[in-house]
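Good morning, and thank you for the time.

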Amino acid sequence: GETIQFPFPPLPPQVQVAERAWLACQRGGVALLQSPTGTGKSLALLSSTLAWQRRTFAEKGAAPQILYGVRTHTQLAQMVGELRKSAYRPRMAVIGSREQLCSNADVKAHARCHQMPLNLACRQAARRAVARESTVRCGRVGIVGGGEEVGCSCSSYTALGSGSHARRVFNRCAQAGQLWDVEDLMSSSNTSGAGDGEAGCPYYTSHILAGNADIVFCPHNYILDPAVSRCRTHHRERWSIKDRIVIIDEAHNLEQCCREAGSLQVSLQELRQLTKCVRNLPL
């Protein structure tokens, strides 16, 4: 009964995918959908779920957020392209890993030099930047009290609250009906291209934008990996998969994604540090 808008006459497989996706949203159930390559299933999924979301909002004044999970970061850009083809212009967000969104070359170099995960190097740099905001802008510092060696800090993190960064991001990425991709976010958060005031961190900015988005495009691990999906740091306090419409594209990769979520990679350097710590334990 409800009209789902397509930018062109839909193919029969698109109609079937759209109908089943609509019913799953309406009933609060699960739909396992398969369609041959090239039949436009992604566009059908987007159009049907966004149409249901729009109708629900009109009727109830609120509607669940849509989480659209894809397998690779390259597919994030592809899905934004599919959304641009559609007749819908929701408030959207794209989130990804620090490897894709970190704009601080010093933090990346620090992580490589010390053979540590970029996630850890990022969090440490953010803490240093907050603690030393008045005296330290991104760069190496000396030795602090107690002989603790300090790495680089991240001024982009502390610039998240600056008015100039907020205005640039809002104008380019945060307005209702405005579609954007990772390149747009990186450009609005780039220090050399900012021109006016400070440039904030693209990684944390993307998570802030996701809090108010109608639809969020993200890698599979943001949905499937409990270490990521259940993370409750301050910038993701509103992130949850509960009571959301969850779409997992390329679902035939779920087994591999779940296997990776349950696996742990440990570097040789980390094993050596662990061995040293164990040997130093008192007997």
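**The cavity**

The largest cavity is lined by Arg98, Cys102, Ser103, Asn104, Val107, Cys122, Ala125, Cys154, Ser156, Cys201 and Tyr203. This is a predicted model, in which local features need pLDDT of at least 70 and side-chain atom pairs count only at pLDDT 80 or more, while totals for chains, interfaces and linings use all residues. Residues are numbered from 1 along each chain as its sequence is written, and side-chain values use heavy atoms, with hydrogens and water left out.

A cavity here is a set of points, on a 1 Å grid over the protein atoms alone, where a 1.4 Å probe fits but cannot get out; a pocket is an open set with protein on both sides within 12 Å along at least five of seven lines; and lining residues have an atom within 4 Å of a point. Grid points are joined across faces, edges and corners, and a volume is the space filled by probe spheres set on the points.

The structure holds one cavity of 30 Å³ or more, and the volume of the largest cavity is about 90 Å³. Its lining comprises seven nonpolar residues, three polar and one charged. In this classification Ala, Val, Leu, Ile, Met, Phe, Trp, Tyr, Cys and Pro count as nonpolar, Asp, Glu, Lys and Arg as charged, and the others, Gly among them, as polar.

Helices (H or I, at least four residues) and strands (E, at least two) are DSSP runs, numbered from the N terminus.

**The core**

Which residues have the most contacts inside the largest nonpolar core? They are Tyr68, Met92, Trp180, Leu209 and Phe217, in a core of 61 residues. Helix H2 (residues 41–60) gives the most to this core, six residues. A nonpolar core is a set of buried Ala, Val, Leu, Ile, Met, Phe, Trp, Tyr and Cys residues joined through side-chain atoms within 4.5 Å. Buried means under 20% relative accessible area, exposed over 50%, and partly exposed in between (1.4 Å probe, protein chains only).

Leaving aside residues up to four places away in sequence, Met92 touches Val80, Leu83, Cys173, Gln178, Leu179, Trp180, Ala213, Ile215 and Phe217, where contact means heavy atoms within 4.5 Å.

**Loop residues**

Most residues other than glycine have a negative phi. Gln115, in the loop between helix H5 (105–113) and H6, has a positive phi near 50 degrees and is partly exposed at 49% relative accessible area. Asp243 lies in the loop between H13 and S4; its phi is also positive, about 60 degrees, and at 62% relative accessibility Asp243 counts as exposed.

Finally, Ala63 sits in the loop between H2 and strand S1 (66–70). Ala63 and Arg244 are 181 residues apart in sequence and 9.0 Å apart in space, C-alpha to C-alpha.
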